[in-house]
Amino acid sequence: MSSSATSMPTSPGPPPAADQSPGTTPKKTIKAWTYTKGGLPRDCLHLTTNHPYPEFPPLSQQAPGSGNESPKEQEEWLLVKVTYAALNPGEVILMSLLPPLMSLTFSKSAGVPQVPGYDLTGTVLDSSPSSEADSSSRAGGDEGASSKFKKGCQVVAFLPVGFILSSKSGALQEVISFPAKYAVLLPDKLASPSGASNSAETQGIDKLAAGLFLTGCTALAQIRDAALQPGHKVLVYGASGGIGSMAVQLAREAVGPEGKVVGVCSTRNLKSVFELGCDFVMDYTNPATIFTGEVEQNPAGNNDQEGEKAKETIEQALTGMYDAEEDQFDAIIDCYGSQNLHNYSAGYLKPSGVYSACGIHANGYGYAPILTSGWKLMINAIWPRTKWLGGTGRTWKAASMFDPGREMMDYLVGLFSEGKLRVLVDSEWAFEDVLSGYEVLLSGRARGKIVIRVGGV
C-alpha cells in the first residue's frame, strides 16, 4: 500500500483570533497588573501576561492640554518602557470603589480591565507627531524636531486620575502610552548636599524619582496653601510617610534656617525624620519626649513627671508646650489627616495661622469610611471659624492632587536634581511581588515610598 494511501489529511490549525485577520502577525502583548472587580489589592488585583501592547491614539483623539503647555506638547504622546513605579493609597481607593460604581451606573467601562498606578519612571521608546511634525516623515523614522523627548531618554511621570480612568492605563504595566505633558526629563546627575555630583547609575535616580510626584506635589500644595515665609514656625504631622517626608524638606526650604520645623512621627522614625531638616521631632506614641538628634528630652523639662506625661495625647502635649500665642505655630502641615489634631489646634496654632491637611484619614477603603472622611473634610472647610459656634478659630485648607501641572513637576525635579529634596524609599519589590508591596502600604507603617521594579534594570 502506498504511503499516499495511508497518509492522514493535514489539520488546518486553529482559526485566527477574533481580533486578528488571517495571515497577520500576532499582536504584541505585555505584562500588567489589572483588576475588574472592587476590593483590596490581594482580592482583586491579578498579573496578566497578555495585556494589549499600548498604541498611540489617532491624532484626532489626542486631546489638547489644559492650555498651560506649549502647542507642541499639547499634541505629543510618549510610548514609555516603565522602569519603576511607586505605590500610593489613592490607587487602593480606586480599586475599592470604582468597579462597583461602574456596575451600578451600567457604564460601558464595567468589566474592562483597569491598570493601577500614578507614579513612574521609564525610557522613551517613541513619541507621536507633535503639532508641527510631518506625519509622513515620521513614518520614515523621523523623530520630529519639535520634540524634546527623544528615543532613549529617561523620564519621570505622573498620571492624573482622569487619564487613568479614561484610558484604563496605569504605571503597573511594562509599557505605557500617555500625553507628553505628564512627563519631565530626568536629570543625568544628582547633586549631594555637599555640592558633589554623582551619576544617575550610581544613585539609582530612576528608582528614587519614581516616588517624587504624587507625594511631592501634594506636600508642595500644602506648603503653598500655608503661605510659609522665612522665619515661620511650622509643625509637620505624619512626617515619616511619603507626603510627610517631602513636607519636612519643603517646609525647611520655605522657612529657612531662621525658621523652625517640628516633626511628629512614631518612635522608629524619629532619627530619619530629624535628618530631613527638623529642629526636633516628637513621638506621637509617647509625647513626653522629643528627639533632638542625639538625646531625648522631656518637653516640660521635668523628668519627675515623665510617667504622667507619657499618658498625654499629642494634642495635650502640644497645648502644654505652646499655650502662649507668641510661641504657637504659624502653620500646621497635616500629612496624615488627623481630625483630633485639627479639633484642638487652637491650643498650638496662632489665630492667623493655617491648618493645611492632605485630607481626612479614612478608617478603611469601603464606601462608609470614605464617605465619612469626605463629610468631615467638607465640614472642616465650611464650618464657621468662630469658636463660640464650635469652630477652631483657625483657617483650614485641604490639598488634593488630581493633576499638578508642569510648573509643579519642573520645580520638584529641580530641587531633586540639586540635592535639596530627597525621596525616602521604604522598600523595593519585584514586579511579580506587587501584592506584597501593597500589604506594606496598607500597614500604614512605611517609612517613605514603596517602589516596584517593573523592568529595564
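**Close-up views of a predicted model**

D323 is exposed, at 56% relative accessibility (exposed means over 50% relative accessible area, buried under 20% and partly exposed in between, with a 1.4 Å probe and protein chains only). The model is predicted, so local features need pLDDT of at least 70 and side-chain atom pairs count only at pLDDT 80 or more, while totals for chains, interfaces and linings use all residues. Residues are numbered from 1 along each chain as its sequence is written, and side-chain values use heavy atoms, with hydrogens and water left out.

**View 1. A patch of negative charge on the surface includes D323.** The residues gathered in this patch are D323, E325, E326 and D327. Patch residues have over 30% relative accessible area and no salt bridge, and like charges are joined within 9 Å; a salt bridge places a side-chain nitrogen of Lys or Arg within 4 Å of a carboxyl oxygen of Asp or Glu. D323 belongs to the loop between α13 (314-321) and β15 (329-334). Helices (H or I, at least four residues) and strands (E, at least two) are DSSP runs numbered from the N terminus.

**View 2. K168 has a positive phi of about 65°.** Most residues other than glycine have a negative phi. K168 sits in the loop between α6 (161-167) and β6 (175-179) and is buried, with a relative accessible area of 13%.

**View 3. A227 also has a positive phi, near 55°.** Its loop runs between α9 (213-226) and β10 (233-237). A227 is partly exposed, with a relative accessible area of 43%.

**View 4. The sulfur of C358 is 5.9 Å from the closest cysteine sulfur, in C335.** This distance is too far for a bond, because a disulfide is a pair of cysteine sulfur atoms within 2.5 Å. C358 is partly exposed, at 23% relative accessible area.

Methods:
Patches are made of residues with over 30% relative accessible area and no salt bridge: like charges are joined within 9 Å, nonpolar side chains (Val, Leu, Ile, Met, Phe, Trp, Tyr) within 5 Å. Accessible areas come from the Shrake-Rupley method with a 1.4 Å probe; for residues, only the protein chains shown count as cover. Lys and Arg count as positive and Asp and Glu as negative; His and the chain ends are not counted. The place of a charge is taken as NZ of Lys, CZ of Arg, CG of Asp or CD of Glu.
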